[in-house]
Amino acid sequence: MLEIQALHKDYQGKRVLDSIHFSIGDGEIVGLIGMSGSGKSTLARCVVGLEKPQAGKMLWNGQSLNDKSVRRKSRRDIQMVFQDPRNSLNPAWTVKRSLLESMRQFHGTRSAAAHEHMMEGLLTSVRLPVDSLHRYPHELSTGQCQRVCLARSLVPEPKLLVLDECLSALDVSIQAQMITLLRDLHQHRQMSYLFISHDIAVVASLCQKIIVIQQGVIVEAADAHTLIHNPRHPYTRSLLADTPTLPEFTYASEEREERSLVL
Ligand SMILES: Nc1ncnc2c1ncn2[C@@H]1O[C@H](COP(=O)(O)OP(=O)(O)OP(=O)(O)O)[C@@H](O)[C@H]1O
């Protein structure tokens, strides 16, 4: 579905992504981990078109995302959820307005009743009460705001969600609820995720495959179980050494296939 080949990105002459290759298949959950500054967000922003790489190919179902018409069409298919939900929502808008703006953009021809019905369905699918529609971001917790952002990202019925540190602003107990929610959404909507985090425990609990990035270079990529239990690269080992307690692979191991990422 998404294929990245030999991607390079420089900022002011400094290379921050170097010869990046990976792919995400239909319905796959791929984790991207690395320390702060390793290039995770830059890669995410290239995938969704917020940054332009200097070189490399990004293919969406075989078509180049460098092509403007393909990129335009992909805006529906590829959605992003950011780290800070409060900054992602307009503080002067109710939840309803935030969702409606997105619906007008992607489903402008539908009736008001259809929009209303869709909004209620979206809130239910992110486990928010329907009366949240009338609330402003400051009346919601950070976790509830992130659920609103997630609901908004689902408006165009995307095929790929790019989740950039989307749990980092949340308490650990809320993170666990969000991971459960992301699993449920994945099962019911058959989406793929590019799940970005510096927290290997969180990635291990959700992802089927994991890519490790260090200073803009992918140093290792494998299915989650193999990567956690048999890391090959010293950088991966150092990340694991900093994470003494890893969760059981309740999801990744059930879904596991002994396939390596195509590098
Ligand atoms: N707009 C920009 N202009 C110049 N340099 C940038 C810009 N955005 C990112 N960088 C640099 O690119 C490198 C990669 O940054 P990036 O934000 O992609 O890393 P990251 O792995 O997502 O880090 P974090 O986990 O802290 O968000 C860093 O050295 C950063 O300083």
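**Questions on a predicted model**

In this predicted model, the end C-alpha atoms of residues 2–240 lie 28 Å apart, and the span is 42% helix and 26% strand.

Colleague: Which UniProt annotation covers residues 2–240?

Modeller: The span is 42% helix and 26% strand. The UniProt record, an unreviewed entry, gives residues 2–240 the annotation "domain: ABC transporter".

Colleague: Which helix gives the most residues to the shell around the ligand?

Modeller: The residues around the ligand include Gly34, Ser36, Gly37, Ser38, Gly39, Lys40, Ser41 and Thr42, and also Tyr11, Gln12, Val16 and His198. With three residues, the helix that gives the most to this shell is the one spanning residues 40–48, H1.

Colleague: How many residues of the shell around the ligand are polar?

Modeller: Glycine counts as polar here, and Gly34, Gly37 and Gly39 are among the residues around the ligand. Two residues of the shell are nonpolar and one is charged, while the polar ones number nine.

Colleague: How are the axes of H4 and H6 arranged, roughly parallel or roughly antiparallel?

Modeller: The axes of H4 (residues 95–107) and H6 (residues 142–154) come within 9 Å and cross at roughly 20 degrees. Angles under 35 degrees count as roughly parallel. The crossing angle therefore makes H4 and H6 roughly parallel.

Colleague: What is the handedness of the crossing of H4 and H6, and how many residues of their contact are nonpolar?

Modeller: The crossing of H4 and H6 is right-handed. H4 contributes Val95, Ser98, Leu99 and Ser102 to the contact, and H6 contributes Val148, Ala151 and Arg152. Of these residues, two are polar and one is charged, and the nonpolar ones number four.

Key. Residues are numbered from 1 along each chain as its sequence is written. This is a predicted model: local features need pLDDT of at least 70, side-chain atom pairs count only at pLDDT 80 or more; totals for chains, interfaces and linings use all residues. A residue is near a molecule or strand if its C-beta atom, placed from the backbone, lies within 6 Å of it. Helices (H or I, at least four residues) and strands (E, at least two) are DSSP runs, numbered from the N terminus. Axes are lines fitted to C-alpha atoms, for helices over the stretch in contact, and angles run from 0 to 180 degrees between N-to-C directions. Angles under 35 degrees count as roughly parallel, over 145 as roughly antiparallel, 65 to 115 as roughly perpendicular and the rest as oblique. A crossing is left-handed if the near helix is turned anticlockwise from the far one by less than a right angle, and right-handed if clockwise. Two residues are in contact if their C-beta atoms, placed from the backbone, lie within 7 Å. UniProt positions are given in the numbering used here, feature names are shortened, and annotations may be inferred rather than shown by experiment.
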